[in-house]
Amino acid sequence: MKPRHVSPRAVMLFAVMCLLLAPALDAVSGGPDGDVLRPGRSSGLVWNLGFDAGITYSSFSNGPISFRSPNPYWGGLTFAEQIANWNPLQPDIALPLESTIDGGSGLGFVLGATADLSLSRMFGLALKVNYHTRNGSFSNEYDTQFLHPTTTTGQTMVLRDEVDWSFTYIGVDLLARIQLLEDSWYLLVGPSFGSLSSNNAKLTQTIVRPDDIYYTEQVYQNNPTERQLKSAGSEGEITGFESSRFDLKAGVGTWIPLGPTLFLTPEVTVAIPLTKIAKGVSGTARFNPPFTPNNPDWNALTIFATVGIRWRLK
């Protein structure tokens, strides 16, 4: 799905307008003493405080992307540029792995707290603070169109990259709550802000062909030896991502009474990206990996499924 680059300011303005119109719509619905659908319900400010926990499902799209990550072995000679710049006086320096992935998806987790303020019978404002991950697993096999100079097969090099990538965010949501049924179903909509705390990419790169090309591991014991490997593994943080992001969140939830002032609140919301996740290519120094993906349109649509508990303060 192509991310919709909607102005975060416009989304914030929409949420504020909904809140400003809430008292007027509440008056039309019957005033402070009740209405046809919910007779006898008095209006007023009511706080609902609580905690949330659940899972996230992220779907990454708009690839492919390429990025570099550290190479644990000497000889990650997968591109002509790397061979041309290889320094024979420093044979033990591991050149970076250059990896390519496309779309993928994965499960993460979310933990947070919510302060929900009922402004009227129909409208409320939910402020949410959370810590969550947006994870994805990716697999891509591709022909580099590069004929390695030491191969005798005449075949170009084909690589398979398998990546598990985790993005960790501290998020703040400001959501308008539209109550459909009293102490039952409601809608949520509004802007969401995320501050990127860290990311971690775990890569396994395999040389599919030709058969006579390997990664080389130098082993220094009593006598120097070499091991020839068809796969190289790497794990670390990839630089160059935006430190913050905005999403448009929309979803549904319900109040399940557990007591006079205690409620269970299952919710499902979808976070649609409004801003890009990557800045663009940077950090091209050959021995200074990793650097950012080269496709800034690569992004994730994320579903949040949580169960919360709320204490109503009357």
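Which residue in strand 3 is the bridge partner of Ser66? I looked it up, and the partner is Thr100.

**Before going on.** I noted that this is a predicted model, where local features need pLDDT of at least 70, side-chain atom pairs count only at pLDDT 80 or more, and totals for chains, interfaces and linings use all residues. I also noted that residues are numbered from 1 along each chain as its sequence is written, and that side-chain values use heavy atoms, with hydrogens and water left out.

**The whole chain.** I found two helices and 14 strands; helices (H or I, at least four residues) and strands (E, at least two) are DSSP runs, numbered from the N terminus. Of the 314 residues in the chain, 45% are buried. Here buried means under 20% relative accessible area, exposed over 50%, and partly exposed in between, with a 1.4 Å probe and protein chains only.

**Strands 2 and 3.** I saw that strand 2 (residues 65–69) and strand 3 run antiparallel and are joined by five bridges. Two strands pair if DSSP finds at least two bridges between them. Strand 3 (residues 97–101) is mostly covered, with four of its five residues buried.

I then went to the loop between strand 1 (46–61) and strand 2, where Pro64 lies. The peptide bond from Gly63 to Pro64 is cis, with omega near 5°. Asn62 lies in the loop between strand 1 and strand 2 too, and has a positive phi of about 70° although it is not a glycine. Asn62 counts as partly exposed because its relative accessibility is 22%.

I found another cis peptide bond from Arg209 to Pro210, with omega near 0°. Pro210 sits in the loop between strand 7 (185–209) and strand 8 (215–219). Gln145, in the loop between strand 5 (123–143) and strand 6 (158–179), has a positive phi near 60°. Is Gln145 buried or exposed? Gln145 has a relative accessible area of 61%, so I wrote it down as exposed.

**Phe304.** My last stop was strand 14 (residues 299–313), where Phe304 is found. Phe304 counts as buried because its relative accessibility is 4%. Phe304 and Thr56 are 248 residues apart in sequence, yet their C-alpha atoms are 4.7 Å apart in space. Leaving aside neighbours within four places in sequence, I listed contacts of Phe304 including Ile55, Thr56, His132 and Glu267; contact means heavy atoms within 4.5 Å. Across the chain, 77% of the contacts between residues at least 6 apart in sequence join residues at least 24 apart.
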